[in-house]
Amino acid sequence: MKTMRFILVFNIFVAVFYSCSTDVDLYAEYKDVPVIYCMLNPRADTNYLKITRAFCGTNEDPINANEVALIYDSSNYPCKLDARIIELESRNSGSYEPTGREIVLDTMTLHNKQEGTFYSPDQLVYYTTEPFNAGAEGTHYKYRLMVIKPDGDTLMALTGLVGNEEFEIITNGFSFEEQETDAMNRIMFRADGVASLYEVSLQFNYREQLTGQQMKYKNVNRTFGVRTIEEFQKVEGSENAYFLGFSANWLFNALANAIGSDTVVDANHPNVVRYFDNLVVSIDAAGEDLYYYYLVSQANQSNMTGFISIYSNITGGQGLFSSRTQIKKNCRLSSRTLRSLYGKSSWGFVEQ
């Protein structure tokens, strides 16, 4: 009978839009299987890359995976690997060529991982504080990851970079209605030339203070789900501007649900005071490979066969090397909306 070898892959949480499964085929002939995860973000001051390896046992020499996962050496290579990122540039739709810039990754240990399936609290990561170019005005960049293992084998991956200068929120403000209406608001933005997935969210931030208690920071928010650019509507007359519509009743309905019965007793004896802070639109954008990873994860969650598919763009290993970023904008509330908000005396909102 052919020997089956058990391989448990280090499960890295990828926080992009949803928590994605990183399961792989649990039975395979033994070999050194590196596992790499990295989401480059040109707007971050530090970018991290996680490099681990699979650990294994056989039917003749089984292991307790839950116990082994708690051992630092079972998931990490015994030495620092040569890990670097090479910059490629394209001008005016030409081919991508190396710029001569190589970013060598260093290592650090994070000390705040909570207890769980894998070892804690210390986590070894590779990182760089070097800036990444997202591109603009006909110039675009890609980045190639190269990692040399102790046995000399080289792992490689390539990704474009989301977050170019064209990617921006162009909505400036909103008007919300207290009474039921069919009116709609729009969140408008200019698309990123590299991104394949978007998630838009809206958050109303406020503070409240009950009599005799400390100030609390609260919010009501709405997330509009993960979408491809084709799922947005195009702004008429624009090449790369898109929007999504949502009800002008949203804010007052959301606040009514959040505040509930915790309202002012009367104008002279309030038991709560609230202050409006800001209204923030956030848009997350993700690269093409993260999009494919997301699609495979969604398919795995809905399949009934028990077979798990995987997506990896790491040549010579498993994992994902892609890109994501987030943009935010503080948007105005119309004067009419503010009058309605402060006019609802039972909610206790006051001007600062």
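I began with Ser340, which I found in helix α5, residues 335-343; helices (H or I, at least four residues) and strands (E, at least two) are DSSP runs, numbered from the N terminus. The model is predicted, so local features need pLDDT of at least 70 and side-chain atom pairs count only at pLDDT 80 or more, while totals for chains, interfaces and linings use all residues. Residues are numbered from 1 along each chain as its sequence is written, and side-chain values use heavy atoms, with hydrogens and water left out.

Is Ser340 buried or exposed? I noted a relative accessible area of 19%, so Ser340 is buried (buried means under 20% relative accessible area, exposed over 50%, partly exposed in between, with a 1.4 Å probe and protein chains only). Setting aside neighbours within four places in sequence, I listed Glu178 and Phe252 as the contacts of Ser340, contact meaning heavy atoms within 4.5 Å.

Next I turned to helix α3 (residues 250-259), whose buried residues include Phe252 and Leu255. Among the elements that cover the buried residues of α3 are β18 (272-286), β19 (318-333) and α5. After α3 comes Gly260, for which I wrote down a positive phi, near 60°.

Last, I looked up an open sheet of four strands in the order β11-β13-β17-β16, with antiparallel pairing. β11 (168-169) and β16 (233-234) stand at its edges with a single partner strand each, so one side of each has no neighbour in the sheet. β16 and β17 pair in the antiparallel sense over two bridges (strands pair if DSSP finds at least two bridges between them), and Gln233 stands opposite Phe243 in β17.
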